[in-house]
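Here are some exercises to work through with the model open beside you. Try each task before reading its solution.

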Amino acid sequence: MPRVCLALQGGGAHGAFTWGVLDRLLEVDGLEIAAVSGTSAGALNAASLAVGLAKEGPAAARAALLDLWQTVSRLSPLGAAVNSIPFFPLPRSLLHRALERIQFFNQFVSPYSAGLPRANALRRVVETAVDLDLLRRQTQTPTFISATDVESGTARVFTGEELTADALLASACLPDIFRAVEIDGRAYWDGGYLGNPVLTPFFAEDRGTTDILIVQVTPFVRAGVPEEPTEIMGRVNEITFNASLLRDLRMLTEVARLAKGEDLENPVLRRIASLRLHMISAGDALTRRGTIGKLDTRWSELTDLRDLGRAAAERWLAAHEDDLGRRSSLEGNYGLLS
């Protein structure tokens, strides 16, 4: 089984889908993860994955991911409230309508408004579920986390000793919910605006593989034109958070097409020319849930998403496992890169 680099998209609670994908991939004998990048929820998944692999390998990584999402559900305001009354389950449609109303009114309230807490609600999750000291020390699985510099509008990629709690919080800092995270005198927002997820670290240096497997949570395509305010904003966010990934994929496939067969002296161009791109996508399973589902951190929802992710990974392995180390399985399958 060849080595593979994993690129993990963000998507709030929908990141539990990625948990399921990783859970299934970690069961594959001989699969070696050469490096991992992540943004927002993908950053938390990447950190837990790397820490678990550094501890005791795939089994520990699966346990670390389980602990991460249990912590998300237990410590998030919604999860804590709903999980405490399991005898009174809320229908998904009813809860999501309530969340849509809350999200709509939140658009008119700044996280800097007087009276609102300054503390980032995700900090307890990060500091409880992720062994940050080990994450910074480990070198087995190079880990790359992206955030957006608020003032310059550029991406910053954190790695190695830079992988602090603040770096993970910056990667997941949605500006309508959280105050910007300050690191080294710079303010950062969610990394999804400029790299969802970042791919450059996988070919900027030799990782021992040119296979990149992207786990996509946010759909490229959604049928129909939204009309409700929350649906409109949700679709705008989907397009925004996918723009950088589409740009990177189009650029890489075009450069690879032009460079193939050439006698290239630049090692980066040689690696791009030999890239093999793959993607496991949530598809209709998450599209039907709508963007508001990204706020639903009930344990029942997270485990359902995990199961969807495991099933998607199982289908992908059945169709494309033999492509790893041989050829790209992305081109021609999605109609997006022509």
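**Exercise 1. Find the residues that D190 touches, leaving out those up to four places away in sequence, and decide whether D190 is buried or exposed.**

Step 1: Contact here means heavy atoms within 4.5 Å. With residues up to four places away in sequence not counted, D190 touches T39, S40, A147, T148, A170, S171, A172, C173, L174 and F241.

Step 2: D190 has 3% relative accessibility, so this residue counts as buried. The cut-offs for relative accessible area are under 20% for buried, over 50% for exposed and in between for partly exposed (1.4 Å probe, protein chains only).

Step 3: D190 has its place in strand β6. Helices (H or I, at least four residues) and strands (E, at least two) are DSSP runs, numbered from the N terminus.

A note on the source: this is a predicted model, in which local features need pLDDT of at least 70 and side-chain atom pairs count only at pLDDT 80 or more, while totals for chains, interfaces and linings use all residues. Residues are numbered from 1 along each chain as its sequence is written, and side-chain values use heavy atoms, with hydrogens and water left out.

**Exercise 2. Describe how helix α1 packs against helix α13.**

Step 1: Two packed helices are described by the angle between their axes and the distance between the axes. For α1 (residues 15-25) and α13 (residues 299-320), the angle is about 45° and the axes are 6 Å apart. Axes are lines fitted to C-alpha atoms, for helices over the stretch in contact, and angles run from 0 to 180 degrees between N-to-C directions.

Step 2: α1 and α13 are therefore oblique to each other. Angles under 35 degrees count as roughly parallel, over 145 as roughly antiparallel, 65 to 115 as roughly perpendicular and the rest as oblique.

Step 3: The contact includes A16, F17 and W19 of α1, and W299, L302 and L305 of α13. By class, the contact has 12 nonpolar, 2 polar and 5 charged residues. Ala, Val, Leu, Ile, Met, Phe, Trp, Tyr, Cys and Pro count as nonpolar, Asp, Glu, Lys and Arg as charged, and the others, Gly among them, as polar.

Step 4: In α1, 11 of the 11 residues are buried, so this helix is largely enclosed by the rest of the structure.

**Exercise 3. Which residues in the loops have a positive phi? Look at S40 and D184.**

Step 1: S40, in the loop between β2 and α2 (41-56), has phi near 60°, a positive value in a residue other than glycine. S40 is buried, with a relative accessible area of 9%.

Step 2: D184, in the loop between β5 (181-183) and β6, has phi near 55°, again in a residue other than glycine. D184 is exposed, with a relative accessible area of 65%.
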